[in-house]
Amino acid sequence: MRVLVVGAGEVGSNIAESLDDDHHVVVIDTDPDRIDSITYSHDVLAIRGDGTSIETLREAGIENADMVIASTDVDETNIVICGAAKAVGGPFTIARVKKTTLLRTWEQSTGAFGVDFMVSTNLQTAETIVRIAGLPNAHDVEAFAGGLVQMAEFEVEPDSPVAGETVSEADRFESLTFAALLREDDVIIPRGDTVITAGDAVVVIGSRESVRAFASSLTPEPTLEDAHEVVIVGGTDIGYQTARLFEAEGLEPRLVERDPDRARELAEQLPGTLVLESDATDIDFLVREHVDESDIVVSALESDEKNLLVSLLAKRIGVERTIGLVESGEYVDLFETVGIDVGVNPRLVTSEEITRFTRKRRAENVAMLESDRAEVLEIEIGEDSALFEARIQDAIADLPDGVVVGAISRDGDLITPRGETVVRGGDHVVLFVDTAVLDEITSAL
């Protein structure tokens, strides 16, 4: 496809990097430094200009574009870009917005604003936080096959019970497949005698119950079902959306907001949440309100530094698990090293969701791992698939290394795949695939 990406910030750059291998990508931005940077770092055509300008869009080849992705930091600008693109061409348009209200408005009318698909950064980030909160020690969680199958990525700590075990020894769970080990820059497809080492990221695929049981075996930290106290710090839109989603899960979170007017507004909008008006960087307040007894603290302030400070304070007083927003992608690893258990970068979440959507045309569902080092795909098996009416061990032997069949959904039932399992037409198969062989695998399956 010919894809126009408007906005060369963190979101746009990540999208361009994910698409440039398979598509002809044109990136538009008004900032000359960003244009220079992306020209040298990515295999794309970079154009300096205003993406809301018809002239700029024509210079970028809008008449022949298959897709336009508007990913600037301004919601209204992204909507105008999509409208302008529709005015002079017929591309599929994707708009990134922060405000959830814009998403709700768009949902009421298909194709409103000239936007074919809209991604709300705030809602997407809140959903990511709640998914991660549901499993202790998880860094990535996705559902497949209508929720029947779950994929999760866990980091193995030095004191983890599976550290030093072989995959066969660690495989103590029904309906669970060890799909991969991510070790430094390597993607390892595990065998029974593969040893799991501290520092590995383990990717597992299976039933929700088995994945939850595996998570519980790694750490004593509570799952969301076991959590009694969840505290959200920050009444931002992400904080509000996170509280609303926790309420939907049957929890009664507490939310701390410093501004009295915003705290009053949130209290009216969140009937199942106790809103506290205070400064969460005040350790006396944290102790007085027994935040130390919380199972999970989510820091959703607008400042990376304050989110780190809140997480450090929460850890200091004894909170078991902290999840924090990290707006600057380059800080995520640093913050997870010094104080936040899981850092969530809204821009990365958004770019992955947009990239995932562009790839769902060749799969039922897609999840990307470790900044696109690997993917987990859900594919419905047809007669032209290499897996059709074949035993898994026979079909996999003819495919490149780097693919694992993680689960099979058949008529609403979960089948744990083994070498002798025969895949039937109409089955929904969940696969782990190393990005290096992605094109070969998707064309074969």
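Predicted model: local features only at pLDDT ≥ 70, side-chain atom pairs only at ≥ 80, totals over all residues.
The side chain of threonine 194 reaches the backbone nitrogen of arginine 191 at 2.8 Å. When neighbours within four places in sequence are left aside, the residues in contact with threonine 194 are Glu165, Thr166, Val167, Leu181 and Ile188.

One of these contacts, glutamate 165, also takes part in a salt bridge with arginine 172, in which the closest N and O atoms are 3.1 Å apart. The two partners fall into separate accessibility classes: glutamate 165 is buried, at a relative accessible area of 18%, whereas arginine 172 is partly exposed, at 45%.

## Alanine 152 in strand 8

Alanine 152 belongs to strand 8 (residues 149-155) and has a relative accessible area of 0%, so it counts as buried. Apart from neighbours within four places in sequence, alanine 152 is in contact with Leu135, Asp140, Val141, Val202, Val203, Val204 and Val211. Between the C-alpha atoms of alanine 152 and valine 6, which are 146 residues apart along the chain, the separation is 32 Å.

Glutamate 184 has a phi near 55 degrees, a positive value in a residue other than glycine.

## Aspartate 116 and its polar contacts

Aspartate 116 is found in the loop between helix 5 and strand 6 (117-120), where it is partly exposed at a relative accessible area of 27%. Its side chain makes a polar contact with the side chain of lysine 86 at 2.7 Å, and the side chain of aspartate 116 also reaches the backbone nitrogen of threonine 93 at 2.9 Å.

Not counting residues up to four places away in sequence, aspartate 116 touches Lys86, Pro91, Phe92, Thr93 and Trp106. The C-alpha atom of aspartate 116 is separated by 28 Å from that of valine 429, a residue 313 positions away along the chain.

## Salt bridges

The salt-bridge rule gives a count of 21. Among them is the pair of arginine 262 and glutamate 265, whose closest N and O atoms are 3.4 Å apart. Because these two residues are 3 residues apart in helix 10 (residues 260-269), about one helical turn separates them; glutamate 265 is partly exposed, at 34% relative accessibility.

A salt bridge also joins glutamate 327 to arginine 347, with the closest N and O atoms 3.0 Å apart. Glutamate 327 lies in the loop between strand 16 (321-325) and helix 13 (332-338), and arginine 347 lies in helix 14 (residues 346-359), so the pair ties together parts that are 20 residues apart in sequence. Glutamate 327 is partly exposed, with a relative accessible area of 25%.

## Domains and the interface of domains 1 and 3

The domain assignment of the protein gives domain 1 (2-115), domain 2 (135-218), domain 3 (230-349) and domain 4 (354-444). The C-alpha centres of domain 1 and domain 3 are 32 Å apart, and 8 residues of domain 1 are in contact with 8 residues of domain 3. The area buried between domain 1 and domain 3 is about 530 Å², with 35% of this given by carbon and sulfur atoms. On the domain 1 side, Glu10, Val11 and Thr100 lose the most area to domain 3, together 64% of what that side buries.

Across this interface the rule finds 0 salt bridges, while 2 residue pairs are in polar contact, both at pLDDT 80 or more. Helix 1 (10-19) and helix 5 (100-107) each supply at least two residues of the side of domain 1 that touches domain 3, and the largest share, 3 residues, comes from helix 1. By residue class, that side of domain 1 divides into 1 nonpolar, 2 polar and 5 charged residues.

Key
Residues numbered from 1 in each chain as written. Heavy atoms only, no water. Domains from an automatic or database assignment. Contact = heavy atoms within 4.5 Å. Buried area = accessible area lost by both parts, 1.4 Å probe. Salt bridge = Lys/Arg side-chain N within 4 Å of Asp/Glu carboxyl O. Polar contact = N/O pair within 3.5 Å; in protein donor to acceptor, adjacent residues only side chain to side chain. Helix = DSSP H or I, 4+ residues; strand = E, 2+ residues; numbered from the N terminus. Nonpolar A, V, L, I, M, F, W, Y, C, P; charged D, E, K, R; others polar. Buried < 20%, exposed > 50% of the residue type's maximum accessible area, 1.4 Å probe, protein only.
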